[in-house]
Amino acid sequence: MVTSSSSVPRLIVAAPSSGSGKTTVATGLMAALAARGLAVSPHKVGPDYIDPGYHSLATGRVGRNLDAYLCGPDLIGPLFLNGARGCDIAVVEGVMGLYDGAAGQEELASTAQVAKLLRAPVVLVVDASSQSRSVAALVHGFVTWDPEVRIEGVILNKVASDRHEALLREALESSGVPVLGVVRRAPRVGTPSRHLGLVPVAERRDSAVEAVAAMAAQVAAGCDLEALVALAHRAGDLSCTEWDAAAALVSSPPPLSSPPPSLPVPAPGAGLPDGPAVVAVAGGAAFSFSYAEHAELLAAAGAEVVVFDPLRDEELPEGTRGVVVGGGFPEVYATELSANEPLRKAVAELALSGAPVAAECAGLLYLCRELDGLPMCGVLDATARMTERLTLGYRDAVAVSDSVLAGAGTRMRGHEFHRTVVEPGAGDTPAWGVRTPAPRVEGFVRRGVHASYLHTHWAGEPGVARRFVERCRTS
């Protein structure tokens, strides 16, 4: 890993609020630039798993998240450089409104904070559908709120007509912020939503390809691509160390409750003494939520990462020593997941053997006895069901019990995002103590199983991956 001063051209696509059109513009811009032959690095501010899937489709590269709450501000530059390696330009889609971040913690995890950390210019996407001259006041307010945030362009979205466009441009002349694009009001691009946002790419591959192509056409037709590329080249240099999974494992402190000293710790990237431990990672339409760095850390710790699809595969990958089941939508596919009885039994038998099993959110539901009345794996003596209530937000957590992921007392930050409830919410041996929004314990630790609603980003605590792979070897 080499310390470098990086000048990867980059820009941030932000908005005054959610629903302004930044996903359409950011994804369309990525696809339009890729169509011109540029290698585009796609990034998303915040914990969102779904938008990066569309970014990946637009660019042909892995979409990566930049979350200053889950990983810490110091990792934003290094994680960005890791993703942008070898690229001509990077496009970073913001989260919520430009200045919105972790509740009650000022600018933490906001798009504005990431823009400053990356020394990147910001393009503000404004929904102009119900305003004309007022757009200038809105842009002026955003530009002057924090002078360290470089808002250097505006893209007007949902513009009704030539007359409407003229009024908007005239109003913005005095703002000093150039209009770099105008996207006309049009039928919504085919990106259907449901209870947790957009339907993930993994569930609608063909139609998602069409939707991304439509976004690219809108942006190419209405935006000044040359001016946007020129703006990206005005980003300031970054002097930081590019994140690398193997080096992160070396520099990370040992878990608070370490394995016995006699257990060898593999050198970064090296296989375990008896060969790589196969870690099966759930994928497919039902379990499409995963951060790319998780697999990279597992591999660097000595695991052979093999993806399996609980909707289709009736067996775990050959030689499986541990299983990771991340987020997704098992509630949408409960019938199909339940019908795959051979795999459910295989997961249950592996868990019963004491092998490491890490489950987050959707994975937690899959390990329950049942989901909406349908049999699941039965690893946990708990039931899960859909509700109308949305649970959403960042969480500060501390490990209550020793587990395959963390020693008791390990502090981590996580994110909850679901419309389901698990009863009981915690086992006799809980996984986490959570301080927000109210103190509680949640999740389950049983034998080698760690199951919880919390989504975590292992780049912020690389020792989690190392501990998991060590336990795969010794279980």
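The model contains 3 cavities of 30 Å³ or more, where a cavity is a set of points, on a 1 Å grid over the protein atoms alone, at which a 1.4 Å probe fits but cannot get out. The largest cavity has a volume of about 160 Å³, a volume being the space filled by probe spheres set on the points, with grid points joined across faces, edges and corners. Of the 16 residues that line this largest cavity, Phe289, Ser290, His294, Val324 and Gly326 are the closest to its centre; a lining residue is one with an atom within 4 Å of a point. At least two lining residues come from each of strand S12 (277-282), helix H10 (292-300), strand S14 (320-325) and strand S15 (357-360), with helices (H or I, at least four residues) and strands (E, at least two) taken as DSSP runs numbered from the N terminus. By residue class, the lining of the largest cavity divides into 12 nonpolar, 3 polar and 1 charged, where Ala, Val, Leu, Ile, Met, Phe, Trp, Tyr, Cys and Pro count as nonpolar, Asp, Glu, Lys and Arg as charged, and the others, Gly among them, as polar.

The model is a predicted one, in which local features need pLDDT of at least 70 and side-chain atom pairs count only at pLDDT 80 or more, while totals for chains, interfaces and linings use all residues. Residues are numbered from 1 along each chain as its sequence is written, and side-chain values use heavy atoms, with hydrogens and water left out.

Helix H3 (residues 76-84) is mostly covered, since 9 of its 9 residues are buried, including Ile76, Leu79, Phe80 and Asn82. After H3 comes Gly86, whose phi is positive, near 80°. In helix H8 (residues 225-232) the buried residues are Leu225, Leu228, Leu231 and Ala232. These four lie on the same side of H8 because they cover an arc of only 120° around the axis, the arc being that of the directions from the helix axis to the C-beta atoms. An α-helix has 3.6 residues a turn, so residues three or four places apart point the same way. In helix H1 (residues 22-35) sits Thr27, which is buried at 0% relative accessibility. Leaving aside neighbours within four places in sequence, Thr27 is in contact (heavy atoms within 4.5 Å) with Tyr54, His55, Ala58, Val212 and Met215.

Gly460 belongs to the loop between strand S24 (455-456) and helix H14 (463-474), and is partly exposed, with a relative accessible area of 33%. Although Gly460 and Pro73 are 387 residues apart along the chain, their C-alpha atoms are separated by 10 Å, and, beyond its neighbours within four places in sequence, Gly460 is in contact with Leu70, Cys71 and Leu75. Thr436, in the loop between S20 and strand S21 (440-442), is likewise partly exposed, at a relative accessible area of 29%.

Most residues other than glycine have a negative phi, and most peptide bonds are trans. The peptide bond from Glu423 to Pro424, however, is cis, with omega near -5°, and Pro424 is found in the loop between strand S19 (411-423) and strand S20 (432-434). Met96, in the loop between strand S5 (89-93) and helix H4 (111-117), has a positive phi near 50° and is partly exposed at 36% relative accessibility. Ala109, also in the loop between S5 and H4, has a positive phi of about 70°, but Ala109 is buried at 3% relative accessibility.

The cysteines remain. With a disulfide defined as a pair of cysteine sulfur atoms within 2.5 Å, the count comes to 0 disulfides. For Cys240 the nearest cysteine sulfur, that of Cys71, is 14 Å away, and Cys240 is buried at a relative accessible area of 17%. The sulfur of Cys377 is 9.5 Å from the closest cysteine sulfur, in Cys368, and is therefore too far for a bond; Cys377 is buried too, with a relative accessible area of 8%.

Technical notes. Buried < 20%, exposed > 50% of the residue type's maximum accessible area, 1.4 Å probe, protein only. 1 Å grid on protein atoms, 1.4 Å probe; cavity = no way out; pocket = protein on both sides within 12 Å on 5 of 7 lines; lining within 4 Å.
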